[in-house]
Amino acid sequence: MIEKIIDSHQHFWDPYRFDYFWLKPDDKVMYREYLPEHLKPEMDRAGVESCVFVQANHQLAENDWVLDLIDRIPWLVGMVGWVDLTQPRVAE
């Protein structure tokens, strides 16, 4: 039996594209882009075939960005995005 390994919880972020309340410019390790091209070599080394993105901020624009990534990157197979569930028009 061939097993498929899927990372079900992966974050990407780009502090030059979006604001992240938890990310501060003085954090020399975290304050930079963490994008799919940075992750792929690590996935290959670990034998991980695909992954699912989980939201990193509270902006609908991030959903659009990640949906575009999913369209272009075959190993990015899903997304847990963000939406404000308290909004009256949330279904739209």
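**Stop one: the aromatic rings**

Search the whole structure for aromatic pairs and you get seven of them. Keep in mind that you're looking at a predicted model.

Start by selecting W13 and Y34. Their ring centres are 4.8 Å apart and the planes meet at 50°, so this pair is classed as tilted. Both W13 and Y34 sit in the loop between β1 and α1, yet they are 21 residues apart, and the pair links distant parts of the chain. Is W13 buried or exposed? Its relative accessible area is 9%, and the cut-off for buried is under 20%, so W13 counts as buried.

Now widen the selection. W13, F18, Y20, W22, Y34 and W65 make up one aromatic cluster. While you have Y34 on screen, show R32 too: R32 lies over the face of Y34, 3.8 Å from the ring centre.

**Stop two: the sheet**

Switch to cartoon view and pick out the strands. You'll find an open sheet of three, in the order β1-β2-β3, with parallel pairing. The edges are β1 (6-10) and β3 (76-80), each pairing on one side only. From one strand to the next, the twist averages 20°.

Zoom in on β1 and β2 (residues 50-54): these parallel strands are joined by three bridges. For one of the partners, select Q10 and look across to F53 in β2.

Then bring in helix α2 (residues 60-72). This helix lies across β2 and β3, and runs at about 165° to β3.

**Stop three: the core**

Which residues have the most contacts inside the largest nonpolar core? Select F12, C51, W65, W75 and L76; the core has 18 residues in total. α1 (36-46), β2 and α2 each supply at least two of its residues, and α2 gives the most, with three.

Finish on W75. Setting aside neighbours within four places in sequence, W75 is in contact with F12, P36, L39, K40, M43, E49, S50 and C51.

Definitions and conventions. Residues are numbered from 1 along each chain as its sequence is written. This is a predicted model: local features need pLDDT of at least 70, side-chain atom pairs count only at pLDDT 80 or more; totals for chains, interfaces and linings use all residues. Side-chain values use heavy atoms; hydrogens and water are left out. Two strands pair if DSSP finds at least two bridges between them. Helices (H or I, at least four residues) and strands (E, at least two) are DSSP runs, numbered from the N terminus. Axes are lines fitted to C-alpha atoms, for helices over the stretch in contact, and angles run from 0 to 180 degrees between N-to-C directions. Contact means heavy atoms within 4.5 Å. A nonpolar core is a set of buried Ala, Val, Leu, Ile, Met, Phe, Trp, Tyr and Cys residues joined through side-chain atoms within 4.5 Å. Buried means under 20% relative accessible area, exposed over 50%, partly exposed in between (1.4 Å probe, protein chains only). Rings of Phe, Tyr and Trp (its six-membered ring) pair if their centres lie within 6.5 Å; planes under 30 degrees apart count as stacked, over 60 as edge-to-face and the rest as tilted. A charge sits over a ring if NZ of Lys or CZ of Arg is within 6 Å of the ring centre and within 35 degrees of the ring normal.
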